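This briefing goes through selected local features of one structure, grouped by topic. Please look over the sequence and the model before reading on.

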Amino acid sequence: MDPEIHWVASIDSPEFTLLTQSLTQSSLIGLDAEWKPIRTQQSSFPTVSLLQLACQLGPRLGPDSAKSLVFLLDLSAIPLSSIYELLRDVFVSPDVLKLGFRFKQDLIYLSSTFCSQGCDPGFDRVEPFLDITSIYNYLQHKSLGRRIPKETKSLASICKELLGISLSKELQCSDWSHRPLTEEQKTYAATDAHCLLEIFNIFHFKVAEKGNSFCSATEQRFSNVDCGLKQILENPDICHKLLRSKFFDAVDIVRATTSEFPQRKATLEEVVSWSSCRNTIPMDDSLFSIVRKYGERILLKESDRKPKTKKKGKKQSSAVCKEKQIEIFDEWCSPPPWDLTLGGDGCPKFLCDVMVEGLAKHLRCVGIDAAIPYSKKPESRELIDQARKENRVLLTRDSKLLRHEYLIKNQIYRVKNLLKNEQLLEVIETFQLKICEDQLMSRCTKCNGRFIQKPLTAEEASEAAKGFQVIPNCLFDSNLEFWQCMDCNQLYWEGTQYHNAVQKFINVCKLNE
């Protein structure tokens with residue numbers, strides 16, 4: 001179910017009012033943040049420009065969908081002091097389970113951003129919290145709650161596997177500080193937060209199916225508050241619920257009687273914020289049980305609040321040398337390996353690593369030979385060996401690949417642009433590739449293979465596709481010609497999709513100009 005997306009740029013707007021109302025009605029919230037990428041190491045953290053809050057209104061268990069709202073908070077427009085208390089209370093509210101994907105870094109940057117605007121001490125914790133990686137590990141029959149391994153799946157990979165959707169990460173490193181944001185950026189940001197809810201709902205349903213961690217629906221939630229002390233201590237569920245229901249009352253008492261809390265008069269905004277947090281709807285039994293069994297928390301240490309800097313001395317000078325080496329390889333200034341003067345055949349050939357795999361399909365669409373690595377997670381040496389063996393230029397966005405001493409300068413190029421269309425134009429201009437309309441869609445986009453010279457008839461295509469590829473029956477009455485890849489046997493025909501693709505790349509490559 002697609003969520004409603006609301007852009008919040010002012011606390012006086014109807015969207016902000018809807019946000020505050022939704023926070024009191026949501027027991028499940030997905031968190032994400034965006035900021036302008038920093039290309040070089042700096043002495044301060046990046047400034048968060050956008051905070052995404054995906055609120056699920058009411059429970060969702062089974063086929064019935066609960067309503068979801070995604071709020072995009074423009075932190076460059078909203079006075080941060082006006083939302084600081086609201087967000088801080090949401091982050092620690094025991095009635096709201098927060099979801100995120102490696103959200104600790106986001107929290108560090110978010111806390112730094114608010115502190116820079118006088119909102120001390122920023123944010124130091126999020127609880128109860130559940131990381132999407134932990135959910136994925138559980139669904140893969142791994143132990144939940146263990147320390148997240150260094151190499152974990154990306155959010156895009158998890159979404160593809162669990163939700164069956166492709167989550168494009170092209171805009172992840174775009175300039176989020178620039179205003180106005182494009183509609184594509186807004187959709188990307190909203191989707192990143194909303195997919196956290198969808199993944200959790202699958203986990204929620206799986207746990208409910210197994211019945212391993214849900215309390216009986218007939219349990220009395222707060223009716224046992226008046227039980228005697230003996231009954232409370234004998235039943236841990238009652239004890240937990242009693243403590244949770246009285247949590248905020250205790251906080252108010254401590255605030256009023258303890259000198260460690262700031263002794264100042266609460267503002268009207270703070271009173272409203274605290275009140276709204278106390279008035280949140282308690283979690284239902286199933287969600288509360290998940291929090292008790294699997295809930296985590298993010299707790300920032302003092303060391304987390306300071307950017308890590310490189311040590312001075314030899315290591316620093318070595319790092320500087322490496323940066324200079326990267327700059328040398330970053331600009332293309334040598335003839336490519338297919339150059340006739342180097343004994344090549346004159347036909348451009350590229351190898352696109354996993355970071356620019358989408359660029360490989362674009363190059364194939366304009367008739368350029370573009371391969372991808374043999375394995376899904378190749379080592380650096382494997383990429384270099386494949387490029388050398390096949391006389392290809394390795395295209396990448398990974399600057400670490402440029403640091404290896406054994407690299408040959410005319411076989412690697414670091415792509416600077418983020419979007420595939422812009423990457424395609426960059427490669428065409430850098431290597432002075434000649435693209436004409438006759439080349440478009442002349443290679444197999446699936447495997448990079450060439451097509452057979454003679455097209456197949458409808459009858460021949462039907463025979464070739466048996467047990468391999470489904471061809472719609474309506475195509476056999478259209479007198480279309482079919483083309484087959486000589487390597488993977490994939491069949492293509494000049495239908496609507498073909499003509500749309502041709503027109504797209506005519507426009508991208510500016511072939512009409």
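This is a predicted model: local features need pLDDT of at least 70, side-chain atom pairs count only at pLDDT 80 or more; totals for chains, interfaces and linings use all residues.

How many bridges join β5 to strand β6, and do the two run parallel or antiparallel? Three bridges join β5 to β6 (residues 125–131), and the strands run parallel.

- Strand β5 covers residues 97–100, and both of its faces are covered.
- Helix α3 (residues 103–115) belongs with β5 and β6 to a β-α-β unit, which is right-handed.

**Cis peptide bonds**

- Most peptide bonds are trans, and most residues other than glycine have a negative phi.
- The bond that joins E127 and P128 is cis, with omega at about -10°.
- P128 is part of strand β6, the strand that pairs with β5 through three bridges.
- A cis bond also leads from R179 to P180, where omega is near 0°.
- P180 sits in a loop, the one between α5 (155–162) and α6 (183–210).

**Positive phi values**

- N448, a residue other than glycine, has a positive phi near 80°.
- The loop between α15 and α16 (458–465) holds N448, and this residue is buried at a relative accessible area of 8%.
- K510 is also not a glycine and has a positive phi, near 55°.
- K510 lies in the segment after α17 and is partly exposed, at a relative accessible area of 47%.
- A glycine with positive phi, G367, follows helix α13, and its value is near 85°.

**Helix α13**

- Helix α13 runs over residues 357–365, and its buried residues are L359, A360, H362, L363, R364 and C365.
- Residues three or four places apart in an α-helix point the same way, because there are 3.6 residues a turn.
- In α13, L359 and L363 are both buried.
- The cover over the buried residues of α13 includes the strands β8 (349–352), β9 (369–371) and β10 (393–396).
- Helices α15 (420–430) and α17 (496–508) are also among the elements that cover them.

**Aromatic rings and a charge over a ring**

- The count of aromatic pairs comes to 17.
- One of the pairs is Y84 with F114: the ring centres are 6.1 Å apart and the planes stand at 35°, so the pair is tilted.
- Because Y84 lies in helix α2 (residues 84–92) and F114 in helix α3, this pair ties together parts that are 30 residues apart in sequence.
- Both Y84 and F114 are buried.
- Y84 and F114 belong to one aromatic cluster together with F91 and F123.
- Elsewhere, K186 lies over the face of W7, 4.8 Å from the ring centre.

**Cysteines**

- A search of the whole structure finds zero disulfides.
- C195 is buried, with 3% relative accessibility.
- The sulfur of C444 has its closest cysteine sulfur in C488, at 3.7 Å, and this too is too far for a bond.
- C444 counts as buried at 0% relative accessibility.

**S462 and F476**

- S462 is a residue of helix α16 and counts as partly exposed, with 30% relative accessibility.
- The C-alpha atoms of S462 and F476 are 8.7 Å apart in space, and the two residues are 14 apart in sequence.

Methods:
Residues are numbered from 1 along each chain as its sequence is written. Side-chain values use heavy atoms; hydrogens and water are left out. Buried means under 20% relative accessible area, exposed over 50%, partly exposed in between (1.4 Å probe, protein chains only). Helices (H or I, at least four residues) and strands (E, at least two) are DSSP runs, numbered from the N terminus. Contact means heavy atoms within 4.5 Å. Two strands pair if DSSP finds at least two bridges between them. A crossover is right-handed if, with the strands pointing away from the viewer, the path from the first strand over the helix to the second runs clockwise. Rings of Phe, Tyr and Trp (its six-membered ring) pair if their centres lie within 6.5 Å; planes under 30 degrees apart count as stacked, over 60 as edge-to-face and the rest as tilted. A charge sits over a ring if NZ of Lys or CZ of Arg is within 6 Å of the ring centre and within 35 degrees of the ring normal. A disulfide is a pair of cysteine sulfur atoms within 2.5 Å.
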